[in-house]
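The exercises below are meant to be worked with the sequence and the coordinates open side by side. Each one sets a task and then goes through a solution step by step.

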Amino acid sequence: MAKTFPVSVPKFDERHYLDVNANAKDAIKSGNVDGAFEHYLRHGIDENKYTLIRREATTLACSADRFLVSESGFCLLLGWLADEGCDPPRFRLVGGDFNVEIPPTAIFRHARKDVEESVKGGAYDYGFVAFGQSPSKSLLKQSLLFQINSVAGAFQTKITPELISDKRLMDILLQMIAVTEAHAGKEVTLYQFLSGAAGGSLVELFRTHVAASTASPYIERFRPRKVSHSFISVLFGSTEPIKLQPILFNAAKVDFGEWIYVCNSPEDAGAVLCYARLISDLYDVMITVIVLGDNAGFGAANNVAIEHAASDRIIIINPDIHVFPAHAAQVQRVLSDGDFGTTLWGGLLFYDEHTLMHSGMYIDADSFVRRNSLNRHDEAAVSSCRLLRVEHFDKSVPFNERDWQEPREVTAITGAVMAFNKAQFEQVNGFSTQYIYGHYEDADLSLRWKKSVGQVAVHPFLRLIHLEGQGSRARGEEYRGASIANRHFFSANHADSLDKRRKPARPRAAAGSDRAAAAARGR
Amino acid sequence: MRIVFISYLHPAVAPGGEQQLAYELFQAALRQGHDAYLIAALEAEHEAVYGKPGAPIVPMPGEERQYFYFPQRYDFLHLSVGDWRSVQFLRELIERLAPEVVHFHHYHRVGVESIRAARQAAPGAVIGMTFHEMMAICLADGQMVKKNSRELCQAASPVACNKCFPDLRPEFVTLRAARLQAFLAECDVFVFPSEFLAERYVDWGLPPEKCVAIANGQVNLGDEFDRSQHSRQVNRFGFFGQFLDNKGVDVILDALLVLGREKRIPEAGIVVEINGGNKQYATQAFLEKVLRQTEELKKVTTGRIEVRERGPYGRDQLAERMASVDWVLVPSTWWEIFGLVVSEAWMFGRPVIASAIAGLKERITPGVNGFTFAPRDARALADLMAALAGDEEQWSEVNEAIEQPWTEIEMFEAYRSVWEEIAEQRRDVGGIAVDAPDVAVVKPPRKEARKKPAGRAAAPV
């Protein structure tokens with residue numbers, strides 16, 4: 001007990017303390033403390049195990065800014081708490097006859113500049129976001145007491161929920177994920193949150209939304225016919241692609257078979273249906289429009305489209321993919337070939353300046369370390385994390401024709417262009433709907449495909465222009481938040497994949513057993 | 001020959017150069033004994049007056065062979081009609097008319113999809129398109145004048161267009177052009193009233209072998225006019241046209257200010273008559289500039305320069321307005337494509353003083369049939385005005401050299417010869433399949449006229 005203030009507690013009863021506190025006995029036995037009184041001073045007071053010393057709990061400055069409860073019983077609590085210097089507080093919702101504990105893994109703390117300015121400056125994360133799901137849809141849809149307790153202080157207030165839709169609640173959480181910063185380090189803070197209970201609830205919330213959005217899609221086929229392959233594009237927030245793509249592919253004499261447009265923004269359905277019929281009439285081509293109830297995200301929308309495709313050969317084409325007239329004949333030959341085999345094919349994608357934009361992807365990682373600063377030293381907190389990064393080979397590299405005469409096997413391919421057989425896609429259960437809206441589901445599919453179906457390779461003659469990011473209007477912060485969350489989910493799912501592929505090796509030529517690969521080489 | 005003309009607007013509904021030209025071609029075709037029709041795509045605001053419930057196309061009230069078309073879901077960025085029903089009605093009408101020629105005079109409001117629809121409706125027909133501006137190339141209303149600086153744009157490019165339209169990414173410009181060109185590829189021939197415009201469109205991506213220059217013709221309104229008549233002082237200058245930013249009224253006023261400040265006003269003074277309509281479409285900044293110039297002019301010219309604003313005029317007033325001036329000023333500050341005003345001045349024997357730009361530069365040979373000055377150069381215009389005011393000899397020399405501009409009949413015959421040549425060559429190769437019109441297109445033998453417009457059709461350009 002060197003170098004601490006001397007403390008005396010005249011009424012301390014050593015025998016009684018040891019009777020009520022078995023840990024103290026063990027500590028003495030193991031030699032960690034010299035006696036019951038030392039244990040009491042070092043641990044007992046903080047643990048409140050012996051009520052000899054009475055004290056008035058400090059009231060913590062706190063605000064519960066928003067308490068949101070969704071239709072399916074997901075809840076989101078936003079606010080701030082001035083608990084600097086306190087031990088980790090417990091968050092609890094108290095109803096008439098029930099208590100709901102909010103576990104630490106369902107909470108992340110973030111910087112609040114406004115609180116720092118008015119309460120206390122400095123690098124402390126006052127803000128909190130608590131998120132989870134109630135087992136009952138209706139349990140939290142009532143006024144409750146919100147309690148925060150630590151040994152040093154407490155706070156309690158009555159809160160009344162704002163009742164909102166699942167989608168709105170999810171978007172608000174995703175916006176928070178996107179815009180918040182943390183003095184302790186955003187990535188590490190989020191890692192703890194998203195890899196724990198909250199991450200699971202968020203995925204569940206998105207899946208609930210997906211199920212509602214895809215339950216009864218509206219499907220209309222214009223000039224239906226037997227086709228040998230189906231192009232699929234997912235539209236969101238823009239009708240530009242349907243005005244452009246079929247016209248330009250048709251002008252370049254690329255037979256797209258059936259072009260399925262999945263409309264993830266039902267407010268655009270009228271314009272999309274009108275253009276689909278117009279283009280179908282003008283060029284006598286088959287266009288299918290699938291309108292979903294809401295934005296179900298890239299993966300789920302493609303899953304629906306593939307389920308309804310008129311052919312077994314699928315080509316996923318982002319709305320911002322276009323054709324080079326100079327390479328159109330090569331693309332047409334790829335389409336005219338038979339089976340895609342068991343390979344998940346990607347394309348060689350170019351910027352419109354004709355430099356390469358994508359020739360497959362590899363997986364790398366970034367490490368992040370917690371910065372404690374004024375934040376408490378919490379041994380339960382994650383001190384560092386590593387997040388996977390999906391990188392494109394050859395981004396902005398000049399194209400060399402000689403380098404691309406054969407298929408190349410790669411770790412993953414972008415979802416901007418994917419070609420495969422429907423049966424193999426179904427074998428891996430399609431795109432995972434764990435990934436919210438978009439991002440990382442393509443790499444996830446690639447890794448799962450490689451594990452259970454066959455190779456993933458770039459087709460040397462599937463050459464297209466990718467005007468990256470130009471095909472949709474996903475401009476809200478919720479989409480950025482989704483991308484951040486998806487990176488955490490992808491990292492959690494495929495951390496092992498990285499270790500095997502730590503160094504991005506140059507892609508190697510694809511195995512020759514595949515029929516389409518062989519055909520490609522034969523040209 | 002059965003011909004369907006398709007225009008943007010109709011001169012009876014809204015006056016304007018393109019629709020006037022389309023209408024006069026249509027009238028000329030009838031006069032020459034052809035079986036002609038005119039379909040005019042109107043603005044949405046006209047539908048309430050001229051439309052009929054549920055009918056995308058209606059006959060023009062009180063007229064035969066003329067129709068008003070009300071396309072729905074018009075998208076200006078893509079010059080596109082996104083409504084299948086509108087396009088279907090147009091296609092069915094063309095199908096019913098069974099023309100040998102379908103000739104478009106615009107894509108704005110008409111929608112580029114209509115070209116494909118015309119091809120479906122009349123697979124064997126010659127399909128043509130006359131360009132009257134650069135709307136396909138330039139999103140700034142086809143003017144190719146930079147939106148912020150008002151500088152002349154020399155060439156459209158993804159980056160240059162993005163500077164004018166920061167909300168549109170450079171890639172959009174590329175895609176938009178590719179889409180428009182895909183639809184335009186259905187045409188057998190592209191007609192331009194000037195070489196300048198043809199070159200702009202060829203640079204943009206149209207195949208030169210389909211391009212031909214044919215000067216605009218007009219109904220001659222000057223038959224009864226005494227072309228040799230002029231004022232005693234030969235000091236009366238006239239501006240005719242739209243009172244809009246790019247037409248250069250401000251350049252005239254600046255030139256007058258130069259003369260006033262430098263005390264170079266001829267003894268007899270100078271009179272300038274501004275005959276300009278559609279002032280309501282000019283920008284506020286432009287109108288304020290003109291007002292400032294006018295006030296300034298009053299201070300520096302001590303009454304020896306008289307500027308009269310005579311307002312808009314109808315074609316029936318043209319002779320009277322032209323009689324009131326000796327020289328016609330065409331000081332356009334944009335790429336004037338053809339300059340119908342030049343034709344109008346020439347109908348009445350008025351020498352033209354014009355910006356040496358685009359179609360104006362092509363048409364005017366300085367000292368022979370008019371005079372030119374560097375575009376936007378008020379001092380150069382001032383020098384010309386000072387030199388020419390009162391110079392009766394120069395006026396007479398040019399007056400005598402001015403040829404009568406092409407009439408609408410001559411223009412129509414030039415068009416007809418192009419259509420017939422294409423049809424004839426098509427017959428030689430056994431016709432065109434509807435699915436591949438752009439593959440089998442026959443080269444018009446007059447294609448070289450685009451570069452050197454010395455042929456029948458191009459001579460007056």
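**Exercise 1. Give the strand order of the sheet in chain A that contains E1, and say which strands stand at its edges.**

Solution. In this predicted model, five strands of chain A form an open sheet with mixed pairing, and their order is E1-E9-E8-E4-E5. Strand E1 (58-59) and strand E5 (99-102) of chain A each have a single partner strand, so they stand at the edges and one side of each is left without a neighbour in the sheet. For the pairing at the E5(A) end, strand E4 (residues 90-94) of chain A runs antiparallel to E5(A), and four bridges join the two. Within that pairing, Val94(A) has Asn99(A) of E5(A) as its bridge partner.

**Exercise 2. Classify two helix pairs, H2(A) with H3(A) and H1(B) with H15(B), by their crossing angles.**

Solution. The axes of helix H2 (residues 22-30) of chain A and helix H3 (residues 36-47) of chain A come within 10 Å and cross at roughly 120 degrees. Angles of 65 to 115 degrees count as roughly perpendicular and those over 145 as roughly antiparallel, and H2(A) is therefore oblique to H3(A). The crossing is right-handed. The contact involves Ala24(A), Ala27(A) and Ile28(A) of H2(A) with Ala36(A), His39(A) and Gly44(A) of H3(A), and these residues divide into four nonpolar, two polar and no charged.

For the second pair, the axes of helix H1 (residues 17-31) of chain B and helix H15 (residues 408-428) of chain B come within 9 Å and cross at roughly 85 degrees, so H1(B) and H15(B) are roughly perpendicular to each other. Among the residues that meet are Glu24(B) and Leu25(B) in H1(B) and Phe412(B) and Tyr415(B) in H15(B). By class, this contact has seven nonpolar, one polar and three charged residues.

**Exercise 3. Which helix gives the most to the side of chain A that touches chain B?**

Solution. First count the residues in the contact, which are 16 from chain A and 19 from chain B. Helix H8 (240-251) and helix H9 (269-283) of chain A each supply at least two residues of the chain A side, and H9(A) gives the most, with seven residues. By class, that side has ten nonpolar, two polar and four charged residues.

Note on methods: Residues numbered from 1 in each chain as written. Chains lettered and ligands numbered in written order. Predicted model: local features only at pLDDT ≥ 70, side-chain atom pairs only at ≥ 80, totals over all residues. Contact = placed C-beta atoms within 7 Å. Nonpolar A, V, L, I, M, F, W, Y, C, P; charged D, E, K, R; others polar. Axes fitted to C-alpha atoms, helices over the stretch in contact; angles between N-to-C directions. Parallel < 35°, antiparallel > 145°, perpendicular 65-115°, else oblique. Left-handed = near helix turned anticlockwise from the far one by under 90°. Pairing = 2+ DSSP bridges.
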